[in-house]
Amino acid sequence: MRILITAGPTREPIDPVRYISNRSSGRMGYALASAAASRGHRVVLISGPVALAEPPGVRVVQVTTAREMQAAVRLWFDRSDALIMAAAVADWRVRAVSRQKLKKRSGTPVLRLVRNPDILKGAGRCKAGRLVVGFAAETSRVIAEARRKLADKRLDLMVANDVSRADSGFDVDTNQATLLGIDGSIERLPLMTKRALAKRIVERVEQLRQSRQSRRGALTARCRRQSR
Ligand code: PMT
């Protein structure tokens, strides 16, 4: 299979030296890319800024902002059989990025934020037989929220992770996840390494692919226009 994976945070600039971001280390997405490559898949990894070595046998595309990640996903999604989005995309960006470093003597700035595009939702609408897998980073009502996102973003599989735990989610080596299928299936996994979780997710994608009659089809004209 050709598997497209996203990892890490995005950074949304405020001025030439400052940005808004989040605590994603990229470990979950990089573990997925390694697991998929070691199982013989062709992997493209779209990565936000992280301090990790590139996994062997994986094509890595580096991006910084959410809009750059969206452009890269749109480009590669067309040529993929499955998309797994482990990236923590910033939901907002600063409306007017200052070209000069903001000066403290000018007073405390008020930042106007605007919504970033929902990359996964866009892919879910345009999938034409491709498998689309998301992650839900939740701190409360984990399963209910993840189910809502699974349906809203038209996903095939959702990985719900409880990021309120110190040993799960952002910037740690372990994760506690529940896999929710669009068929209503629910697989509660124990706390495990991100490497072990990644292997399980890739296995589920392989199973989904096998059980599907349909294969990747051509994107509609609207979706092709979006990928340019
Ligand atoms: O990188 P690590 O330190 O290893 O941490 C791993 C992780 C906690 C970042 C990862 O396991 C995880 O949960 N990633 C998804 C984080 C997130 O953005 O969750 P969300 O519930 O806000 O978003 C739901 C889904 O929509 C995600 O697949 C996200 O990639 C996608 N999304 C969100 C916002 C947006 N503007 N565009 C998107 O595509």
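Colleague: In which sense do strand E12 and E13 pair, parallel or antiparallel?

Modeller: This is a predicted model, and what follows is read from its coordinates. Strand E12 covers residues 177-181, and Thr178 has Arg188 as its bridge partner in E13. E12 and E13 are joined over 3 bridges, and the sense of the pairing is antiparallel.

Colleague: What is the order of the strands in the open sheet?

Modeller: The open sheet is formed by 8 strands, with mixed pairing. Its edge strands are strand E5 (58-62) and strand E13 (186-188), each of which pairs on one side only. From one strand to the next the twist averages 15 degrees. The order is E5-E4-E1-E6-E9-E10-E12-E13.

Colleague: Which residue in E9 is the bridge partner of Met85?

Modeller: Strand E6 takes in residues 82-85 and pairs with E9 in the parallel sense, over 4 bridges. Met85 is bridged to a residue of E9, and that partner is Gly134.

Colleague: How many of the 8 residues of strand E9 are buried?

Modeller: Strand E9 runs over residues 131-138 and is mostly covered. To count as buried, a residue must have under 20% relative accessible area. In strand E9, the number of buried residues is 7.

Colleague: Which residues form the nonpolar patch on the surface with about 290 Å² of accessible area together?

Modeller: One member lies in strand E7, residues 92-94, and is Trp92. Trp92 counts as partly exposed because its relative accessibility is 46%, which is between the limits of 20% and 50%. The patch members together have about 290 Å² of accessible area, and they are Trp92, Leu111 and Leu113.

Colleague: What distance separates the C-alpha atoms of Arg39 and Ile20?

Modeller: Arg39 is located in the loop between helix H1 (27-38) and strand E4 (42-47). Arg39 counts as partly exposed because its relative accessibility is 35%. Arg39 and Ile20 are 19 residues apart along the chain, and the separation of their C-alpha atoms is 36 Å.

Colleague: What is the phi of Ala128?

Modeller: Most residues other than glycine have a negative phi. Ala128 sits in the loop between helix H3 (119-125) and E9, and it is partly exposed because its relative accessible area is 32%. Ala128 is not a glycine, yet its phi is positive, at about 40 degrees.

Colleague: Is Arg141 buried, partly exposed or exposed?

Modeller: Arg141 belongs to the loop between E9 and H4. Its phi is positive, near 45 degrees, in a residue other than glycine. A residue counts as exposed when its relative accessible area is over 50%. Arg141 has 57%, so it is exposed.

Definitions and conventions
Residues numbered from 1 in each chain as written. Predicted model: local features only at pLDDT ≥ 70, side-chain atom pairs only at ≥ 80, totals over all residues. Heavy atoms only, no water. Patch = residues over 30% accessible without salt bridge, like charges linked within 9 Å, V, L, I, M, F, W, Y side chains within 5 Å. Areas by Shrake-Rupley, 256 points an atom, 1.4 Å probe, with all protein chains shown as cover. Salt bridge = Lys/Arg side-chain N within 4 Å of Asp/Glu carboxyl O. Helix = DSSP H or I, 4+ residues; strand = E, 2+ residues; numbered from the N terminus. Buried < 20%, exposed > 50% of the residue type's maximum accessible area, 1.4 Å probe, protein only. Pairing = 2+ DSSP bridges. Axes fitted to C-alpha atoms, helices over the stretch in contact; angles between N-to-C directions.
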